[in-house]
Amino acid sequence: MSDASSTPQPRHIPDTLGTRWGRRLRSWETLLIAVLIAVFTINALSSPYFLNAWNLSDATFNFTEKAMIAFAMAMLVIAGEIDLSVAAIIALASTAMGHAATLGFGTPALVAVGLLTGLACGAFNGLLVARFNLPSIVATIGTMSLFRGISFIVLGDKAYTEYPDSFAFFGQGYVWWVISFELVLFAVLALLFWVLLHRTSFGRAVYAVGNNPTAALFSGIRVARVKFMLFLLTGLTSGIAAVCLTARLGSTRPSIAFGWELEIVTMVVLGGVNILGGSGSIGGVVLAAIIMGLVTFGFGLMNVPGIVMSIFIGLLLIAVIGIPRLVSPQSRRVE
Amino acid sequence: MGLMKKLMLGAAAVSLMMTGAAQAENKRIALVVKALGIGFFEAAAKGAEEAAKELGDVEIIYTGPTDTTAEGQIEVINALIAQNVDAIAVSANDRDALVPALKKAMERGITVISWDSGVAPEGRMMHLNPSSNPLIGNMIIKLAADNMPEGGEVAVLSASATATNQNTWIEEMNKVLPNYKGITVVSTVYGDDKADKSYTEAQGLMKAHPNLKAIIAPTSVGIVAAAQAVTDAGMVGKINVTGLGLPSEMAGHIKSGASKSFAIWNPIDLGYAATMIAYNLETGKAEAKPDAEIGMGRMGNVKLDANNEGAMADPFVYDASNIDAFKDIF
């Protein structure tokens with residue numbers, strides 16, 4: 001409105017938008033790194049137990065499983081959709097594995113059952129959103145109840161505990177010294193998703209769909225298919241997380257991973273992914289996951305009640321979302 | 001950025017103040033509860049502090065997750081292992097899922113017991129039940145019988161027909177029923193632990209059995225609904241509602257006389273006893289093995305069964321004389 005049409009100076013051509021956007025992204029990650037260093041330093045100074053290899057290794061379990069799903073969730077959110085059924089998929093996949101274990105399946109078969117259940121759930125979500133055009137938030141709230149409901153019907157107040165000993169490796173095993181299998185898997189998945197989002201045409205299509213689905217469609221991107229693939233990915237990563245979590249707990253109950261969907265979305269948003277779609281990076285999500293894990297662990301070491309942790313994470317979230325809003329209006333208006 | 005740092009520092013300062021009093025020589029016993037902010041567990045923490053004061057060289061770490069999840073409890077337990085606490089006494093959100101984490105704690109030399117809500121045997125040294133099924137079964141019929149000197153008809157309003165706890169207690173009650181002369185159980189109905197259904201079922205009981213003298217509800221939802229139904233039907237004084245309930249929810253009905261007395265375990269005693277046991281095991285004053293007796297201070301001794309489980313005491317009876325002291329606790 002307050003256009004610069006009357007001013008004599010030459011205007012910037014909008015191609016600067018791209019670099020400014022990129023710069024802001026970079027600064028977001030810089031901010032997260034600063035927070036991470038602060039959290040690490042404060043933890044190290046305030047608890048004598050923090051700087052211990054085994055304790056830090058234990059702390060990684062606070063975020064590895066959730067982060068695996070957060071990578072796929074980040075891509076889905078960038079594409080303008082969301083999957084709130086991820087924790088319920090964990091429950092269903094874990095229940096399926098538990099049932100398979102009672103039938104005498106071996107460890108490789110159990111892993112396959114978990115991953116396939118995750119994929120199937122993801123495909124179902126994808127079908128609802130991409131094929132039948134349901135809003136993803138509504139569709140996945142529905143499937144959230146559906147998937148966990150099936151677990152509850154199958155298990156009731158019982159639990160599956162008959163997992164083979166070798167299965168425990170996925171949640172309790174160590175690859176080398178204090179480096180757990182889960183931590184390695186976390187790193188590998190982070191790398192894979194980074195390549196997928198930032199180095200492939202599929203990744204570019206995800207941004208395009210999130211920024212403007214109609215324009216994406218007219219430029220030849222098969223929008224429905226991209227969305228379907230993304231739901232498959234959240235389903236698959238939920239299946240992977242289900243394998244790890246089930247192996248770590250050594251048991252399945254229908255309440256497994258209850259409430260994780262919100263923590264995962266928090267991780268994604270804290271990582272700098274725009275909740276309205278269109279922007280975000282895997283690097284940010286990795287940093288956010290580690291920050292959340294270390295904050296939880298640090299507060300745990302100081303025996304600060306969990307409620308304070310929730311308040312802190314909430315404040316962190318508001319602050320991280322609020323800071324760019326506080327900064328950018330000025331830079332946008334004053335030219 | 002500046003804001004972030006301020007936030008971080010502020011949070012750190014607060015937490016430093018909270019833990020500043022930590023001392024190295026004391027035995028650090030962690031009381032891990034299902035979730036913080038639940039009156040029952042806050043009361044248990046009071047009992048634990050009482051035990052710590054009595055013992056002298058004990059520091060209580062009262063902690064737990066924000067909501068009642070196994071995953072949250074595991075995070076808490078990992079943090080306690082990292083701090084190398086001396087003992088962990090946990091009321092578990094999940095019997096099985098905590099086992100790997102607690103096993104790790106025991107491998108690192110930490111004394112682990114469960115109380116209230118148990119952990120599978122391989123994940124703890126012993127489990128302290130607040131009471132035992134036979135003691136509860138006997139208590140609920142005794143409470144009804146105490147107010148019916150000349151005998152008469154009683155009915156049971158339970159939770160769901162598949163509720164394991166309730167069914168066991170009713171079974172135990174029926175076993176000791178012959179000890180209470182003149183008392184007959186005329187019906188057992190199920191309110192599914194829903195307030196409205198329990199209320200309707202209680203109304204049905206009163207209609208079907210005009211001579212009914214007591215309703216026994218071994219569930220905290222059912223007992224309140226039944227007391228309300230009796231009050232609304234104007235039967236206060238004719239029908240006594242009893243069973244297992246929470247003092248905060250039952251205080252009004254005790255005052256109105258719809259319920260003369262009811263029972264539930266005393267969380268203060270439970271926290272106290274769990275702390276005493278953890279201390280005695282940690283200091284080698286007792287050993288957790290079948291048939292062992294472990295001291296619980298003023299609560300006497302607990303005797304362990306083949307699964308290393310033991311019962312603390314009879315359920316604690318609440319009536320007009322003590323309800324005011326407990327109604328604000330849980």
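User: Thanks! What makes B:Asn84 partly exposed?

Analyst: This is a predicted model, and the label comes from a count. B:Asn84 has 15 other C-beta atoms within 10 Å. Buried needs 20 or more and exposed needs 12 or fewer, so B:Asn84 with its 15 is partly exposed. The residue sits in the loop between helix 3 (70-82) and strand 3 (87-90) of chain B.

User: And is A:Asn133 buried or exposed?

Analyst: A:Asn133 has 9 other C-beta atoms within 10 Å. The limit for exposed is 12 or fewer, so A:Asn133 is exposed. You will find A:Asn133 in the loop between helix 5 (107-131) and helix 6 (136-155) of chain A.

User: What is phi for these two asparagines, A:Asn133 and B:Asn84?

Analyst: Most residues other than glycine have a negative phi. A:Asn133 is not a glycine, yet its phi is positive, about 55°. B:Asn84 likewise has a positive value, near 55°.

User: Why is strand 8 of chain B called largely enclosed?

Analyst: Strand 8 covers residues 212-217, and five of its six residues are buried, so the strand is largely enclosed by the rest of the structure.

User: How do you know that strand 8 of chain B pairs with strand 6 and with strand 9?

Analyst: Pairing asks for at least two bridges. Strand 6 (residues 152-158) and strand 8 of chain B have four bridges, in the parallel sense. Strand 8 and strand 9 (residues 240-243) of chain B also run parallel over four bridges. Both pairs therefore pass the cut-off. B:Ile216 gives you a handle on each: B:Val156 is bridged to B:Ile216, and B:Ile216 is bridged to B:Thr242.

User: How many residues bring chains A and B into contact, and which element of chain A gives the most?

Analyst: There are 40 residues of chain A in contact with 37 residues of chain B. Helix 1 of chain A gives the most to its side, seven residues. Other elements giving two or more include helix 11 (223-249) and helix 14 (306-333) of chain A. By class, that side has 22 nonpolar, 15 polar and three charged residues.

User: How do you know how confident the predictor is in chain A?

Analyst: Confidence is scored from 0 to 100, and chain A averages a pLDDT of 89, with 89% of the residues at 70 or above. Residues 330-335 of chain A stay under 50, and there the model has one contact beyond four places in sequence.

User: What does the secondary structure of chain A come to?

Analyst: Chain A has 14 helices and two strands. Of its 335 residues, 49% count as buried.

Definitions and conventions
Residues numbered from 1 in each chain as written. Chains lettered and ligands numbered in written order. Predicted model: local features only at pLDDT ≥ 70, side-chain atom pairs only at ≥ 80, totals over all residues. Contact = placed C-beta atoms within 7 Å. Nonpolar A, V, L, I, M, F, W, Y, C, P; charged D, E, K, R; others polar.
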